[in-house]
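Please keep the sequence and the structure open beside the text while reading.

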Amino acid sequence: MTTTPGSTPDPHRPAADPVDAITAQWREERPDLADSLYAMEAFGRIYRLARGMGERMERAYAPFGIGRGEFDVLATLRRSGEPYALSPRELTAALMLTTGGMTGRLDKLERAGLVTRSPDPNDRRGLRISLTPEGRSTVDAALAAGIAVQRDTVEALGPERVDRLNGLLRDLLASLGD
């Protein structure tokens, strides 16, 4: 088990994981970088956690006929508040997508009856994307299912450690300047 320089091992932490094996190999092959591999360990775990949770979230949303991409669109509309409508440009900016990526998601959601496209009353050239009643009930149910998966995953840490993790991740995100 490795630790960040100056830290002490956490008694709640499992003895080893695949990231430990990878960094052990690097320590063997590149001993000159051994003191810096804690960063690789952190991001290796973040990447694996994101990938694994992404797969779990896909399974959570599948019974509702949507994937994570479609959920993101529906959730963005739902979070926007009444009347649950945004322009494609607002959706694209909120989700950091290309217009082509957004169009594909909107086409699928419209075919499923979860959103509608209508002319923007404030812009003759624009559109408004709105949740349908079915879209609202779908996103509400999918949100509850997804939160249950996330809650079940972090329960292993306990509330204090989850709070500490949230603070650390918030600090790390802030360091990116986004």
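The points below begin with the ground rules and then go through the helices, the sheet and some backbone details.

1. This is a predicted model, in which local features need pLDDT of at least 70 and side-chain atom pairs count only at pLDDT 80 or more, while totals for chains, interfaces and linings use all residues. Residues are numbered from 1 along each chain as its sequence is written, and side-chain values use heavy atoms, with hydrogens and water left out.

2. Helices and strands are named here as DSSP runs, numbered from the N terminus, where a helix is a run of H or I with at least four residues and a strand is a run of E with at least two. Helix H2, residues 37-61, has 25 residues and should span 36 Å at 1.5 Å a residue, and this agrees with its end C-alpha atoms, which are 36 Å apart. The expected span of a helix is 1.5 Å times one less than its number of residues.

3. Which residues of H2 are buried? They are Leu-37, Glu-41, Met-53, Gly-54, Met-57, Ala-60 and Tyr-61, where buried means under 20% relative accessible area, exposed means over 50%, and partly exposed lies in between, for a 1.4 Å probe and protein chains only. The cover over these buried residues of H2 includes helix H1 (18-29), H3 and H6.

4. H2 packs with helix H6 (residues 133-154) at an angle of about 145 degrees, and their axes are 9 Å apart; axes are lines fitted to C-alpha atoms, for helices over the stretch in contact, and angles run from 0 to 180 degrees between N-to-C directions. The crossing of the two helices is right-handed, a term used when the near helix is turned clockwise from the far one by less than a right angle, with anticlockwise giving left-handed.

5. On the H2 side of this packing, Met-53, Arg-56, Met-57, Ala-60 and Tyr-61 take part, and they meet Ala-142, Ala-145, Gly-146, Val-149, Gln-150 and Thr-153 in H6. Contact means heavy atoms within 4.5 Å. The residues of the contact of H2 with H6 comprise seven nonpolar, three polar and one charged, where Ala, Val, Leu, Ile, Met, Phe, Trp, Tyr, Cys and Pro count as nonpolar, Asp, Glu, Lys and Arg as charged, and the others, Gly among them, as polar.

6. Three strands form an open sheet in the order S1-S3-S2, with antiparallel pairing. The edge strands, each pairing on one side only, are S1 (85-86) and S2 (115-120). Two strands pair if DSSP finds at least two bridges between them; S1 and S3 are joined by two bridges, whereas S2 and S3 (residues 123-131) pair over six bridges. As places to look, Ala-85 stands opposite Ser-130 in S3, Val-115 stands opposite Leu-131 in S3, and Arg-117 has Ile-129 as its bridge partner in S3. The hairpin that joins S2 to S3 passes through two residues.

7. Helix H3 (residues 68-79) lies across S1, S2 and S3 and runs at about 100 degrees to S3, while helix H5 (residues 99-111) also packs on the sheet, touching S2 and S3, with its direction at about 115 degrees to that of S2. Among the buried residues of H3 are Phe-71, Val-73 and Leu-74.

8. A cis peptide bond, with omega about 10 degrees, joins Glu-82 and Pro-83. Tyr-84, in the loop between H3 and S1, has a positive phi of about 60 degrees although it is not a glycine, and Tyr-84 is buried because its relative accessibility is 10%. Met-96, in the loop between helix H4 (88-95) and H5, also is not a glycine and has a positive phi of about 55 degrees, but Met-96 is exposed, at 76% relative accessibility.
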